[in-house]
Amino acid sequence: MAQVHLVYAHPSAHSFTREILDSFVAGLERAGHTHTISDLYAMDFRSELSLAEYERESAYLADAPIPEDVAAEHAKLNAADVWAFVYPVWWADCPARMKGWFDRVWTVGFSHKPAGLRRAEKAFVLCTAGYTSEQLENDGCLRAMRTVMLQDRIGMKARHKEFTVFGGSILRTTDAPDAAELWQKLKSRHLAQAAECAASI
């Protein structure tokens, strides 16, 4: 059985993104895996680098101290075999709070130069989107999103990586007479897929 750490970013406890998180967690529990969660909004995780953090990182001062909240994230990541990043797609990227998590947590001496981070067996990226995956693929956003998350942010820090978009939630705001029904069917498939991702570990 695996230990999984989830990094989650959404301000609403009643969002579709939260439903995806809950389905993934339910899948983990059914499979017998254990998990921890960094709920960045609930934690009020600071997203911006302080001056001291910037000076530490820009000068590659691996021996300089790091903030307690960053050290706590390091410990959670190193205790896990698998990571999952769960968030909504906003302007073809993750929310600022998660972007800031990477800015602050991928520190010198932990993620690089030298790396004190224990490499994960697998990293999941599970993101919700208004547009469908096909629409995001056609306009080039999906490729950009996948490249940034899997290659730049996660890179070689995980042996295997998986990127899944649960798209189409824009159906909730359309005037088509069958939009609500179509969305409920699509949402059910998405939630089942999120649970299946967890079971695939």
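**Salt bridges, strands and aromatic pairs in a predicted model**

A total of 15 salt bridges is counted, a salt bridge being a side-chain nitrogen of Lys or Arg within 4 Å of a carboxyl oxygen of Asp or Glu. The structure is a predicted model, in which local features need pLDDT of at least 70 and side-chain atom pairs count only at pLDDT 80 or more, whereas totals for chains, interfaces and linings use all residues. Residues are numbered from 1 along each chain as its sequence is written, and side-chain values use heavy atoms, with hydrogens and water left out.

Side chains of opposite charge can pair when their charged atoms come close. One of the salt bridges links Asp-22 and Arg-18, at 3.2 Å from N to O. These two residues stand four apart in helix H1, which means that about one helical turn separates Asp-22 from Arg-18. Helices (H or I, at least four residues) and strands (E, at least two) are DSSP runs, numbered from the N terminus. Asp-22 is partly exposed at 38% relative accessible area, and Arg-18 is likewise partly exposed at 25%; buried means under 20% relative accessible area, exposed over 50%, and partly exposed in between (1.4 Å probe, protein chains only). A salt bridge also joins Arg-159 to Glu-121, at 2.9 Å from N to O. Because Arg-159 belongs to strand S5 (residues 158-166) and Glu-121 to strand S4, this pair ties together parts that are 38 residues apart in sequence. Arg-159 is partly exposed, with a relative accessible area of 41%, as is Glu-121, with 40%. In helix H7 (residues 179-199), Lys-185 and Glu-181 lie four residues apart, about one turn of the helix, and their closest N and O atoms are 3.4 Å apart in a salt bridge.

Strand S3 has neighbours on two sides of the description, S1 and S4. S1 (residues 3-8) pairs with S3 in the parallel sense over five bridges, where pairing requires at least two DSSP bridges between two strands. S3 and S4 also run parallel and are joined by seven bridges. Val-86 of S3 stands opposite Tyr-8 and opposite Leu-126 in S4, while Phe-85 stands opposite Val-125 in S4. Seven of the seven residues of S3 are buried, so S3 is largely enclosed by the rest of the structure. In a regular strand the side chains alternate between the two faces of the sheet. In S3 both faces are covered, with Val-82, Ala-84, Val-86 and Pro-88 on one side and Trp-83, Phe-85 and Tyr-87 on the other. S4 is mostly covered, eight of its nine residues being buried.

Eight aromatic pairs are counted; rings of Phe, Tyr and Trp (its six-membered ring) pair if their centres lie within 6.5 Å, and planes under 30 degrees apart count as stacked, over 60 as edge-to-face and the rest as tilted. The rings of Phe-24 and Phe-124 have centres 5.5 Å apart and planes at 65°, so this pair is edge-to-face. Since Phe-24 lies in helix H1 (residues 16-31) and Phe-124 in strand S4 (residues 120-128), the pair ties together parts that are 100 residues apart in sequence. Phe-24 is buried at 0% relative accessibility, and Phe-124 is buried with a relative accessible area of 0%. Phe-85 and Trp-101 form an edge-to-face pair, with 5.7 Å from centre to centre and 70° between the planes.
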